[in-house]
Amino acid sequence: MNSKPNRRTVLGATVGAALVGAVATAPAAAAAGAGAASRGVTIRAPRGPLRVTVHLVDGRLRYEVTRRGETLVASSGLGLDLAERPSLTEGLEIESVERATVDETWRPVWGPDATVRNHASECVVRTVQPATGTRLDVVFRVFEDGVGFRYRLPAQEGLDRYTVTAERTEFALPADATSWSLAAGTDWNADERHYRRAPLGEVATAQTPLTLATARGTHVVVHEAALVDYPSMTLAATGDDRPGALASELISLPDGNKAHLEGAFSTPWRTLTIGDRAGDLAESHLIENLNEPCALDDTSWITAGTYVGVWWELQRRDTTWTEGPRHGATTARVKEYIDLAREAGASHVLAEGWNTNAGGEWTGQDFLTPRDDFDLPEVLRYAEANGVRFVAHNETRGFVDYYEEHLDTIFGRYAELGIDAIKTGYATRFELGGVNRSHYDQEAVRHYQRVIDAAARHRIMINAHEAIKPTGLARTHPHMMTGEGVAGMEQHNYMGKDGNPPEQATILPFTRFMGGPADYTPGVLNVTWDPAGLGTRVQTTSAAQLALYTVFFSPLQMLADTPENYRAHPGFAYLTDMPASWDETRFLDCEIGDHTVAARRKGDLWYLGAITDEHDRTLRVPLRFLGRGRYAAEIYQDAAETTWRENPLPIDIRTETVRASTTLRLRLVAGGGTAIRFRPL
């Protein structure tokens, strides 16, 4: 469906999918500026208690967010600084206010839910700075579950080319709220670290998403949506006398500026996702809804699925990326993974280290020429014969100029060979335009977009590692399937003997996953496997690894263990034919940092995953989400003798009959979990 409704009234549906019940009011008549501004402009959610109020105070726009009598964002300043111009935080006047309603239901190509409602009250506050004639609009959308706002510089004389030197967005949040965040940083792995819990007033800097729970129990996530042609936003304490007050801090270009722009421009949305429960955050679609509809006329080539591959054995140093006697990505070995994919019902097989000069220094790579011991035509033939497709690993090692110059050549050849998926990588550096820069500045963001655009031209799906955090862009570009930006499974190698502490998995659905899917690479069932004597291991039980397939979402979801480890473990049966896109998702009993219980439906099958932190706990889980009738509950849980640290492998498998009226009692050992598949009888 290619309809493009008036953007002021409603965003369009995903192209190629039906628009269900789209309704939009016409924009309300513009309100006079000065008089209306003195009284404040209020935008209310279409239904419910959420409210945003905008004021003009001493020539600066300010906003606040309240809900059920609770102030979630106290009066906070807005504005931008442009080079060689007076700051757009002073001397402003409101010219007009324009209102509209957004209401549509759209169908994602893939996702945690088969349909998504996008329902918000919109308000455009148009301002002018009389001293310079510069015009700045601020667009607000207020949903039932949160707020989005963005700056818009309309086309205007004297603003053909300009430079953003700072963004002055403030978030005066409750200082006594409990927060979960990563410290802000420009390093290539700044978002591959462990989330810290702290009173918000003690947070000096933060990456987004930043998640908090107020003293009244309201949950809030600060993030951004539709990050295009602009640097990533981090947050920094304002340093004034308002504990909990944070301000936007954009990642700088090498010249110290934030963004170089031309003509009319809209920044990414600054977002606040809000809910009573932690589960409300994980169920929200606010970030996606603030992105543009699908840009593709045909999405039939984009398919969600699980994948296997030569990866975990490399991480555990059982085999090597480099060619030699222990090379992992050989023709014979990849064929063994193709056999595994067929057994598991996986759609793809990945091979890291398949191409010339991969591994070692990773320099002078050729993304088209296989290693001598890797017969690419034979691998592709064998894969096709078994109903499996190939994921080509493109690790640039941060030498981005060469990769960008050859994108169409590389992707064009892949398309000719029938390769429809790529895992990109930018480890350790990001050299673009002859300059080593942050992975998160404006020019880096532009590069990731150029990769997405080239991939679309050649019908290739992308799994991006060491790239920018997700901000819902997969709605617009659904072949941008998943990415890293998380302390995933590999960090059990690199974070020392304690790896990823179990509590981290109970934090991620409400932090990192708020922006979009993550390629966490779960499913390592032999959690103690240490063939190279590294002295590290996966810090969960085997049953918890199964539960992650419901707790974590990715439309390209890896089954990360080796063929030998899977065939030796009874839990592998749970992973066969595992869905990677869902019809319905529920987050049930969740306490951030303590435990998470999630349920997802595909067709008439339900899957449930429950995980806990470093403490034993017993959870009572009502099954009200099930439909009518009886279900066979196939339960995979830690055995009676299982312990996280000493004996993590044993798993107990049983089946019992349940109904929607049943309440299950789940005993979770520390670092453990339970995975259940419900089949209707």
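Helix α12, residues 542-551, is largely enclosed by the rest of the structure, because ten of its ten residues are buried. The model is a predicted one, and buried here means under 20% relative accessible area.

A pair of helices comes next. Two packed helices are described by the angle between their axes and the distance between the axes. For helix α8 (residues 407-417) and helix α9 (residues 442-457), the angle is about 35° and the axes lie 9 Å apart. The crossing of α8 with α9 is right-handed. On the α8 side, the residues that meet α9 are L407, D408 and F411. On the α9 side, R450, V451, A454, A455 and R457 take part. By class, this contact of α8 with α9 holds five nonpolar and three charged residues, and no polar ones.

The largest pocket holds about 510 Å³ of space. It is lined by 31 residues, and those closest to its centre are Q315, R397, E466, E490 and Y494. Among the contributors to the lining of the largest pocket, β28 has the largest share, with three residues. In terms of residue class, the lining of the largest pocket is made up of eleven charged, ten polar and ten nonpolar residues.

The second largest pocket contains about 390 Å³ of space. Its lining consists of 16 residues, of which R117, E144, D145, H285 and N289 are the closest to the pocket centre. Strand β8 (116-129) and helix α3 (286-289) are the elements that supply two or more residues to the lining of the second largest pocket. The most comes from β8, which gives four residues to that lining. The lining of the second largest pocket divides into seven polar, six charged and three nonpolar residues.

In α12, ten of the ten residues are buried. The axes of α8 and α9 pack at an angle of about 35°. In the linings, β28 gives three residues to the largest pocket, and β8 gives four to the second largest pocket.

Methods
Residues are numbered from 1 along each chain as its sequence is written. This is a predicted model: local features need pLDDT of at least 70, side-chain atom pairs count only at pLDDT 80 or more; totals for chains, interfaces and linings use all residues. Side-chain values use heavy atoms; hydrogens and water are left out. On a 1 Å grid over the protein atoms alone, a cavity is a set of points where a 1.4 Å probe fits but cannot get out, and a pocket is an open set with protein on both sides within 12 Å along at least five of seven lines; lining residues have an atom within 4 Å of a point. Grid points are joined across faces, edges and corners, and a volume is the space filled by probe spheres set on the points. Ala, Val, Leu, Ile, Met, Phe, Trp, Tyr, Cys and Pro count as nonpolar, Asp, Glu, Lys and Arg as charged, and the others, Gly among them, as polar. Buried means under 20% relative accessible area, exposed over 50%, partly exposed in between (1.4 Å probe, protein chains only). Axes are lines fitted to C-alpha atoms, for helices over the stretch in contact, and angles run from 0 to 180 degrees between N-to-C directions. A crossing is left-handed if the near helix is turned anticlockwise from the far one by less than a right angle, and right-handed if clockwise. Contact means heavy atoms within 4.5 Å.
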